[in-house]
Each structure stands twice: as C-alpha cells, then as structure tokens.
Amino acid sequence: MCESCGCNHKHDTLIRRPDTVDPAPHTAHNHVHGDGHGHDHEHEHGHGRKILVEQAILSKNDQLAGQNRRQFQARGVIALNLVSSPGSGKTTLLEQTLKILKTEMPLAVIEGDQQTMHDAERIEAVGVPAIQINTGSGCHLDADMISRAVQQLPVAERSLLFIENVGNLVCPALFDLGEECKVVILSVTEGEDKPQKYPYMFQAAQIAVITKTDLLPYVDFDISRAKSLALHVNPDLRIFELSAKTGLGMAAWLDWLRSLRA
Amino acid sequence: MLYRLRKDFLLPNKSAIVKSMHEMSLAMSIVEIASNAARSQGGKIINHVEVEVGSLAGVMEEALSFCFAAAAQDSIAAGATLKIIPVAAKARCADCGEIQPIDSFFDNCPRCQGHQLEIIQGRELHVLSIIVDE
C-alpha cells in the first residue's frame, strides 16, 4: 500500500466513463517513508521473534469482493464476470446481448482492458451505461477496482451488471469481484484444448459460452471435444454455443440471463 | 526436436513482467499482511515470511519468490526471506467417496477412475508466520 496517498500502488489504473476528459496523470511520487532505515539484512532468519499470522493472502480482495456482493444483493443487482482470452468476441457478444435485453431490464457494463476506451465506447453506443477500467500493466481486475467503478457508474436497482475482465485466462481466475458467477468465453477460432491448457479458469467458472460458431465450417475446432474437456475439468459447467453475428444459439443464452432476473 | 523453455527463462527480465502477473498482486498482499502483523506486535523489521501455497492455487513458486523480493523493497520486509510451503492437492471422488491425492484438475479418481472430483485441499494461499526483530 502506498502510504503517501493510500492509492494502493495503482497509479496506472484509470477508471473513466466514455466522453470524459483524460484525468491529469497521477504522477509517481517519491515514497519517502518515515522509517528510512537503510537496513541491509543478509542475516539468517533463525533469529528474531516468530509471530503467527495465518491470514489468507487474498483476504483483502475477498473482503472487498464480499462488500461488493452485499452491496449488489441489497440493490438487487446481479453481476457476471466475463473472462476469456483476448479476441474471443466478448464485446461483440455483449453488444448483441445488450441490444436485445435493454428493453427488458436495466443493464450496466464495466469494461476492463490494459489500455483504450474502445470497449466502453462500443457499449455506450448501444445505449447502455458503461465505464472503462484501464489496468495499465495490470493483468486482471480486482474487487477494489470494481467498488471504485460502481461509485462512478449509474447502476440502476435490479440491473444485470456485466463485468468484462481483462482478456487473460490465467490471473482473473483468482480474483473474486463480488460476482454472481464467472462466465468463461471460448471462440471456435481458438484451440479446443483451452480448457485443458487453462484449467483454473474453467474450474472457477459456472458458465461457458462457445462463440463464433458461424465459423465452424472453416476451422478445425472440434466442438464436442472442447465441451468434453471443459466438463472433465468442471463437471458442473453449463455450456452455451452461439454466434453473436448470426444470432444462432443466442436464444438459450438470453433465456438464461432472463432467468437470473426472474 | 522439441524444445522447452525453462520455467525461469523469463525471470531476469524484471521490468517487463514484474507487474503483469497475478503473483505480483499476491506478493504485494503478502508484504502488506506481514507488515501489518509485525507492526501490530511491535516488530520493526521482518526477517522471514512463511506462506503456504496449494498445488492447485494457480501460483508459480519461482514467480512468487521473485515478485516478493520486488514487492518488499521500501517496506519493513525488504530483504526478508520467503519460505513457500507447498500443500499437496487432495480430492474426494463423488462416485466412490475415496479421498486421494491428485496432481491436476484433470486427474481421474485413482481408485475408480471417476472424474467427478471435489477438491478438498490444494487451493491454500496463506501467510502462516513471520519472524521479526523488535
């Protein structure tokens, strides 16, 4: 934790609504700590006093995620954490989903990317409130970023809140954001063995969506193998197959989203 | 011919990767938890930190050690040693009820080959203890 400004070393995380002016860059400041001890300890760890700690390393994130979850529940908001590799079609799936659902229920979107406002702009163009989190060099969203984002984003009561995580099948598996569930997205232009290569994410998710199925005739993706590998690593996984482009298979996905709201 | 990158291949390239991995977030949390525990009990300098990491926690030990050294700089844990105690994963088979050690999420039950395994150990990520100077 940065003691000087309490900003938790996240100097390069930016949270912005589309059409906002870039905030002044939060320039790195010198961390002059009061206890400027120039210690230089090469000593053995055998000496000194042992203190039992027994605390979960992720306890701070988990606590904040719990706060987010309680806040969402109190307001009837259901949050979904969308995770995938970059380029799986998360944003396109979201655009098509929002276009249909926006007349039925309140919606909101948190977009996570290392850089650019592109995704939040695409979502706002559909007419749904969106906020962009730019993590800079960070590889995942965490619960603190989400709690800061929802302070700036108008999330109506009883909204369905989509959180599009940074494209990365590794790190986001570990960080609870306060979501109802993780939805892992896999496109048919990727390898069908992704569930085997990235089992942590497929273990952590409750829902898997296989996207871009309109391209199946042109690629070597073996969809039944992908599904069986995904189910092997997580037998409780519920799987949807769809093409956001042609709309094939969208109905089941949309019905599932509606059932969350019912 | 099949070449395999050594696991530590990337490690010396500090600036490029140091923040782009979740191990850095974890290392920063370890430093924060250890520093708070030390301060609350009158410790001024942390010499040693012991953590337990489950084999299915999704954490690369080398990366965690590397990030810990970086995260501890400018803190009272600067220069502290990090001991990582691995916790082997175990799972209960939904079919036969047997509890068995497993190596990965892809393992089948060693007894009945069932693959409905409930992981009961191996996701641990805890700071266990620290050693401090007063």
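What share of the contacts in chain B between residues at least 6 apart in sequence join residues at least 24 apart? The share is 72%, with contact meaning heavy atoms within 4.5 Å.

## Basis

This is a predicted model: local features need pLDDT of at least 70, side-chain atom pairs count only at pLDDT 80 or more, and totals for chains, interfaces and linings use all residues. Residues are numbered from 1 along each chain as its sequence is written, chains are lettered from A and ligands numbered from 1 in the order in which they are written, and side-chain values use heavy atoms, leaving out hydrogens and water.

## Chain B

Chain B has three helices and six strands. Along the sequence they run α-α-β-α-β-β-β-β-β. Helices (H or I, at least four residues) and strands (E, at least two) are DSSP runs, numbered from the N terminus.

Of the 134 residues in chain B, 49% are buried. Buried means under 20% relative accessible area, exposed over 50%, and partly exposed in between (1.4 Å probe, protein chains only).

## Interface with chain A

Chain B brings 53 residues to the contact and chain A 44 residues. The buried area is about 3900 Å², with 61% from carbon and sulfur atoms. That area is the accessible area (1.4 Å probe) that two parts lose on being put together, summed over both.

The interface holds two salt bridges. A salt bridge is a side-chain nitrogen of Lys or Arg within 4 Å of a carboxyl oxygen of Asp or Glu. Arg49(A) and Glu134(B) form a salt bridge at 2.5 Å, N to O. Helix 2 (22-40), strand 1 (45-54) and strand 6 (125-133) of chain B each supply at least two residues of the side that touches chain A. Helix 2 of chain B gives the largest share, eleven residues.

## Salt bridges in chain A

Over all chains, the whole structure has 15 salt bridges. Arg69(A) pairs with Asp176(A), their closest N and O atoms 2.8 Å apart. Arg69(A) lies in helix 1 (residues 59-74) of chain A and Asp176(A) in the loop between strand 6 (160-164) and strand 7 (181-187), so the pair ties together parts 107 residues apart in sequence. Arg69(A) is partly exposed at 26% relative accessibility. Asp176(A) is buried at 18%.

Arg148(A) and Asp144(A) meet in a salt bridge of 3.4 Å, N to O. Both lie in helix 4 (residues 143-152) of chain A, four residues apart, about one turn of the helix. Glu179(A) and Lys182(A) form a salt bridge at 2.9 Å between the closest N and O atoms. Glu179(A) and Lys182(A) are both buried. Shared partners link Glu104(A), Asp255(A) and Arg258(A) into one salt-bridge network.
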